Amino acid sequence: MLRIIYLLPAVLILYCKFGNTNIPEPIKSDPTTLTTLDHSNWDKLLMKHVDLNGNVDYKGFAMDIKPLKEYLQYLAQYPPHDTSGKANKLAYYINLYNAATVKLVLDHYPLKSIKDIRNPWGRNIVQMGDTKISLGDLEHKILRKMNEPRIHFAINCASYSCPKLLNRAFTETNMERALEQTAMDFINDPKRNILSAEKASLSQIFNWYKKDFTENGSLKDYINQFASQQLTSETKINYLSYNWALNESR
């Protein structure tokens, strides 16, 4: 009897290991099953360190480098997949671009301009899944191919002439409203575009990416969708110099 009792644990171990074929394997987490991403941590950082005009408190952001890194690691772990909706993808890529740009600036802070960093848009610093890409590739090879010109008003290049960095995160649910707001804010901002019926002095963004804005009409047609001052067929257009100074709160 004692021998049976002593042998029983070993028998159970062997049974569990080899004999019970009905025990399921542990379920491994699959990042592609996450359909809705949580951008709340990025939202908190933006509200804390970016004002309503898009000026950034980089000194304050530097104090929160840990949660910024954690957010970027979170995005790296859960890149979009083929079945992700367009709004979901846009929120992911826009937030990733903006967060990675802030992180790039902080890695070289203090500085007067993002252009003080060697090759800021060409180095592979953006982690997505198992690969790293550049900010330039994220913009030109991913975002610009999503047939949504308003992305140019949503992504921020850490400079005063850029569209302002929105102080709220983009999400799947607020995407359309946020894109509309960024377009109206940028186009009607006299620091970035000076509009009148006679003459329109536009941001270089409309020059650099004119093709994106004119797929379904003229550049004036596109601007008039959002402009409080409408342009006419007689309005003359020129382009303003671009201010690459760091968009830092003073």
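## The mixed sheet

Three strands make up an open sheet, ordered β3-β4-β5, with mixed pairing. Its edges are β3 (194–195) and β5 (236–239), each of which pairs on one side only. Strands here are DSSP runs of E with at least two residues, helices are runs of H or I with at least four, and both are numbered from the N terminus. Two strands count as paired if DSSP finds at least two bridges between them. Strand β4 (residues 199–202) runs parallel to β5, and 4 bridges join the two. One of the details to look up in your viewer is Leu202, whose bridge partner in β5 is Tyr239.

Before going further, please keep in mind that this is a predicted model: local features need pLDDT of at least 70, side-chain atom pairs count only at pLDDT 80 or more, and totals for chains, interfaces and linings use all residues. Residues are numbered from 1 along each chain as its sequence is written, and side-chain values use heavy atoms, with hydrogens and water left out.

## Around Ser203

Ser203 sits in the loop between β4 and α8 (205–208). Is Ser203 buried or exposed? At 3% relative accessibility it counts as buried, where buried means under 20% relative accessible area, exposed over 50%, and partly exposed in between (1.4 Å probe, protein chains only). Setting aside neighbours within four places in sequence, Ser203 is in contact with Ser161, Phe186, Arg192, Asn193, Tyr239 and Tyr242; contact means heavy atoms within 4.5 Å.

## The chain as a whole

The protein chain holds 10 helices and 5 strands. Of its 250 residues, 45% count as buried. Among contacts between residues at least 6 apart in sequence, 69% join residues at least 24 apart. The accessible surface comes to about 14400 Å², and 53% of that belongs to carbon and sulfur atoms; the areas come from the Shrake-Rupley method with a 1.4 Å probe, and for residues only the protein chains shown count as cover.

Strand β1 (residues 124–128) pairs with strand β2 (residues 131–134) in the antiparallel sense, over 4 bridges. Within this pair, Val126 stands opposite Ile133. The hairpin has 2 residues between its strands, and Gly129 takes a positive phi near 65°.

Next comes helix α6 (residues 135–142), whose buried residues are Leu135, Gly136, Leu138, Glu139 and Ile142. What covers these buried residues of α6 includes α5, β1 and β2.

## A lined cavity

A cavity is found on a 1 Å grid over the protein atoms alone, as a set of points where a 1.4 Å probe fits but cannot get out; lining residues have an atom within 4 Å of a point.

Which residues line the second largest cavity? They are Val56, Tyr58, Asn98, Thr101, Val102, Asn156, Ala158, Leu165 and Asn247. Helix α5 (residues 86–108) gives the most to this lining, with 3 residues. By class, the lining has 5 nonpolar, 4 polar and no charged residues (nonpolar: Ala, Val, Leu, Ile, Met, Phe, Trp, Tyr, Cys and Pro; charged: Asp, Glu, Lys and Arg; polar: the others, Gly among them).

## Backbone points to check

Most residues other than glycine have a negative phi, and most peptide bonds are trans. Ala158, one of the cavity-lining residues, has a positive phi near 65°. Ala158 lies in the loop between α6 and α7 and is buried, with a relative accessible area of 0%. Asn147, in the loop between α6 and α7 (175–187), has a positive phi near 55°. Asn147 is exposed, at a relative accessible area of 54%.

A cis peptide bond joins Tyr109 and Pro110, with omega about 5°. Pro110 lies in the loop between α5 and β1.

Key: On a 1 Å grid over the protein atoms alone, a cavity is a set of points where a 1.4 Å probe fits but cannot get out, and a pocket is an open set with protein on both sides within 12 Å along at least five of seven lines; lining residues have an atom within 4 Å of a point.
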